[in-house]
Structure formats: structure tokens, C-alpha cells
Amino acid sequence: QVQLVESGGGLVQPGGSLRLSCAAFGSIFSIVRMGWYRQAPGKQRELVAAFTSDGVTSYADSVKGRFTISRDNAKNTVYLQMNSLKVEDTAVYYCNADVLLSAGGIRNYWGQGTQVTVSS
């Protein structure tokens, strides 16, 4: 019913920047909440940054001041601008959304993940 399509991962040197994008497609009435999680090898998946429908944002303490989440409501898309990247930011980044479906009901969806590697 709904697909989350991510793009923008890759390899970058420490101190560099990357921008991730996630677009939601399908039978969407509205996006309730949308954001990014990440999972590093051997670690649990953790919240990086997220938007709620009323515009409230939340960030992991480890990325505050370096990462910025933004959105384009008309395109059902969120972006994650990542600056001053560190080796410890290396992970698979997943888009996640709570979607109010056109047919009714709220469901949670995950993207396929995009690899971000920070290495010299």
C-alpha cells in the first residue's frame, strides 16, 4: 500500500556531508510521523531524527547540531542533511513513517535502508 524510497547514502570522509532523502508513495491520506533511524553492526536500531505531523522535531543527542531533518509535505518527502560526519555515524539508515491511509487506519512502514559509511 505504501512504499518508502530512500536515496543518498554513500562513502564520505570524516568531517564530510551527505544528504539522505525518503519519499513515500502509495495510498496516503497524510503522514502522521516520518523520520530516520540507523543501525550499526552489532548495535540496536536507534532514532536519529523525526518529524511529527504538527512540525515537532526530535533528534538523537549524538547528532544534535550536526544533522538537520526537513520535509516537503507536498511530496511526502523527508530529508536528512548530515554534516560534520564522524566514523561512529557509520550505519544503515532507515526511513520510517506512520501513515494515515486513504482507506483509513494508521500503519507503520520502513524503507529498505541506505548505507552510510564514514571512513578515511
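Q: Before anything else, what are strands here, and from where are they numbered?
A: Strands are DSSP runs of E, at least two residues each, numbered from the N terminus. The model itself is predicted.

Q: OK. Where does N76 lie, then?
A: N76 is in the loop that lies between β7 and β8.

Q: Is N76 buried, exposed or partly exposed?
A: N76 has a relative accessible area of 22%, so it is partly exposed. Buried would need a value under 20%.

Q: Which residues does N76 touch, leaving out those up to four places away in sequence?
A: N76 touches C22, A23, A24, I28, I31 and M34.

Q: And how far apart are N76 and A97 in sequence and in space?
A: They are 21 residues apart in sequence, and their C-alpha atoms are 10 Å apart in space.

Q: What about the backbone, what is phi of N76?
A: Phi of N76 is near 50°, which is a positive value in a residue other than glycine. Most residues other than glycine have a negative phi.

Q: What is phi of S84?
A: Phi of S84 is also positive, near 50°, and S84 is not a glycine either. S84 is in the loop between β8 and β9. With a relative accessible area of 40%, S84 counts as partly exposed.

Q: Back to β7 and β8. How many bridges join them, and do they run parallel or antiparallel?
A: Six bridges join β7 to β8, and the two strands run antiparallel. As an example of facing residues, T68 stands opposite Q81 in β8.

Q: In what order do the four strands of the open sheet come?
A: The order is β1-β3-β8-β7, and the pairing is antiparallel. β1 and β7 are the edge strands, each pairing on one side only. From one strand to the next, the twist averages 15°.

Q: What do strands of a sheet pair through?
A: Backbone hydrogen bonds.

Q: New topic. Which strand holds T57?
A: T57 is in β6, which covers residues 57–59. T57 is partly exposed at 36% relative accessibility. Not counting residues up to four places away in sequence, T57 touches A50, F51 and I69. T57 and T68 are eleven residues apart in sequence, with 9.5 Å between their C-alpha atoms.

Q: You mentioned F51. Which residue has its charged end over the ring of F51?
A: R71, whose charged end sits 4.6 Å from the centre of the F51 ring. The charged end of R45 likewise sits over a ring, that of Y94, 3.7 Å from its centre.

Q: How many aromatic pairs does a search of the whole structure find?
A: Two. In one of them, the rings of Y37 and W110 have centres 5.1 Å apart and planes at 65°, so this pair is edge-to-face. Over 60 degrees is the cut-off for that label. Y37 is in strand β4 and W110 in strand β10, 73 residues apart, so the pair links distant parts of the chain.

Q: And how are Y94 and W110 arranged?
A: They form an edge-to-face pair, 6.3 Å from centre to centre, with 90° between the planes. Y94 lies in strand β9 and W110 in strand β10, so this pair ties together parts 16 residues apart in sequence.

Q: Which residues do the ring pairs link into a cluster?
A: Y37, Y94 and W110.

Q: Is Y37 buried or exposed?
A: Y37 is buried, at 18% relative accessibility. Y94 is buried as well, at 15%. W110 is partly exposed, with a relative accessible area of 38%.

Q: How are β9 and β10 joined?
A: Five bridges join β9 (residues 91–101) to β10 (residues 106–110), and the strands run antiparallel. One of the facing residues is N96, whose bridge partner in β10 is W110.

Q: Last one. Which residues of the largest nonpolar core touch the most other members?
A: L4, M34, W36, L80, M82 and Y93, out of 32 residues in that core. Among the strands that each supply at least two residues are β1, β3, β4, β5 and β11. The largest share comes from β9, with six residues.

Conventions. Residues are numbered from 1 along each chain as its sequence is written. This is a predicted model: local features need pLDDT of at least 70, side-chain atom pairs count only at pLDDT 80 or more; totals for chains, interfaces and linings use all residues. Side-chain values use heavy atoms; hydrogens and water are left out. Two strands pair if DSSP finds at least two bridges between them. A nonpolar core is a set of buried Ala, Val, Leu, Ile, Met, Phe, Trp, Tyr and Cys residues joined through side-chain atoms within 4.5 Å. Buried means under 20% relative accessible area, exposed over 50%, partly exposed in between (1.4 Å probe, protein chains only). Axes are lines fitted to C-alpha atoms, for helices over the stretch in contact, and angles run from 0 to 180 degrees between N-to-C directions. Contact means heavy atoms within 4.5 Å. Rings of Phe, Tyr and Trp (its six-membered ring) pair if their centres lie within 6.5 Å; planes under 30 degrees apart count as stacked, over 60 as edge-to-face and the rest as tilted. A charge sits over a ring if NZ of Lys or CZ of Arg is within 6 Å of the ring centre and within 35 degrees of the ring normal.
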